[in-house]
Amino acid sequence: GKAKPVNQHIDSSRAKQVKENRSKLASITDAILMCGRQGIALRGHRDDSSDVVNDPDQNHGNFLALLQYRARGGDSILEHHLNSYAGNARYTSKTIQNELITICGDVIRDSILEEIREARFYAVIADEATDSSNSEQLAISVRYVDSNSNPQECFLGFSEFSSGVSGKVIAENIIKNLSNWQLELTDLRGQAFDGAGAMAGATTGAAARIQQHNSSTPRLCLPTAPP
C-alpha cells in the first residue's frame, strides 16, 4: 500500500523528461540568440556533417561551436545530449535552427507589437528591394513613442510579393500585414517611403492608396539618394 500507483510513476517520469528536454532546448536557443545578438552567421562549411563530435577539424559554424564550447564548460545535460543522441534527435540541424530563429523572431515581434498597441498611434516605414534569389521583398518598420516618451523605430518583418510590384500591391501588402499584427489602420499617423512612383505616386502610389483608407495618415516620401 506504500507504493505509488503506476500512473503517478508515469507522470513523474514524463515530468522529468520534459524538464530535461526544456533544459536542452534552453541551451540550444541561447546559442542561437547569442549569434543573432552579435550579428554572426550560424552555419559553417560543413554544417550538415552527420557526426560533429568525431569530426572536429571541419568548420561546422558558430552555432555548433558554441554548443560544443558550452558542453565543455560544464553544461552536463547538453554534453550528454550531444554525445549520446543520434544526429536526427539532437535538435541542431539547419531545419531546427531555422525553426528556432523563426520562433525567436515571433517572440521579439510580439513584444514590440504589444508596446505599439500600448502607444496606440504609430507610423509606417517601408521599402522594397530584391533579394539574392531575385524575389521582391518589402521591409516594414514602425515608428512610435513608448511609455517613457522615447521615440522608437523597430523593424517588424519582410513580406514577399507574389503578383508584381505596384502601388496597389504594396498598399494591400502593408494593410494586410498591419491587420495580421493587430495594428489598427485608423491609428496610423504617418507613412515614409522612397520617391519611387509605386510608392509616392500622387493617385496610384502606395502612400495615396493607404491614405484613401485613412485620411488621418499624412505621407512623407524620401528621396532615394541625397541631392
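Mentor: Tyr85 counts as partly exposed because its relative accessibility is 30%; buried means under 20% relative accessible area, exposed over 50%, and partly exposed in between, with a 1.4 Å probe and protein chains only. This is a predicted model, in which local features need pLDDT of at least 70 and side-chain atom pairs count only at pLDDT 80 or more, while totals for chains, interfaces and linings use all residues. Residues are numbered from 1 along each chain as its sequence is written, and side-chain values use heavy atoms, with hydrogens and water left out.

Tyr85 sits in the loop that joins α3 (76-84) to α4. Helices (H or I, at least four residues) and strands (E, at least two) are DSSP runs, numbered from the N terminus. Leaving aside residues up to four places away in sequence, Tyr85 touches Gln17, Lys24, His80 and Arg90; contact here means heavy atoms within 4.5 Å.

The buried residues in α4 are Gln97, Leu100, Cys104, Ile112, Leu113 and Ile116.

Together with Tyr122 and Ile174, Ile116 has the most contacts inside the largest nonpolar core, which holds 27 residues. Such a core is a set of buried Ala, Val, Leu, Ile, Met, Phe, Trp, Tyr and Cys residues joined through side-chain atoms within 4.5 Å. Two or more residues of this core come from each of α4 (94-119), β1 (122-130), β2 (136-145), β3 (151-160), α5 (167-180), β4 (188-194) and α7 (206-213). The helix α5 gives the most, with 5 residues. Ile116 itself touches Tyr122, Val142, Tyr144, Leu156 and Leu183, again not counting residues up to four places away in sequence. There is also a second, separate core of 12 residues, which includes Ile28, Ile32, Leu67 and Leu78.

Just after α4, Arg120 takes a positive phi of about 80 degrees. Arg120 is a residue other than glycine, and its place is the loop between α4 and β1. With a relative accessibility of 48%, Arg120 counts as partly exposed. Ser149 is another non-glycine residue with a positive phi, about 65 degrees. Ser149 is found in the loop between β2 and β3, and at 58% relative accessibility Ser149 counts as exposed.

Among the strands, β1 and β4 pair in the parallel sense over 4 bridges; two strands pair if DSSP finds at least two bridges between them. Val124 has Gln191 in β4 as its bridge partner. Cover is a feature of β4, where 6 of its 7 residues are buried. In a regular strand the side chains alternate between the two faces of the sheet.

The structure holds 6 salt bridges, each being a side-chain nitrogen of Lys or Arg within 4 Å of a carboxyl oxygen of Asp or Glu. One of them joins Arg70 to Asp30, with the closest N and O atoms 3.3 Å apart. This pair links distant parts of the chain, 40 residues apart, since Arg70 is in helix α2 (residues 62-72) and Asp30 in helix α1 (residues 6-38). Arg70 counts as partly exposed at 32% relative accessibility, and Asp30 is partly exposed too, at 37%. Arg70 also meets Asp75 in a salt bridge, at 3.0 Å from N to O. Asp75 counts as buried, because its relative accessibility is 16%.

Another salt bridge joins Glu153 and Arg143, with the closest N and O atoms 2.2 Å apart. Glu153 is in strand β3 and Arg143 in strand β2, 10 residues apart. Glu153 counts as partly exposed at 48% relative accessibility, and Arg143 is partly exposed with a relative accessible area of 45%.
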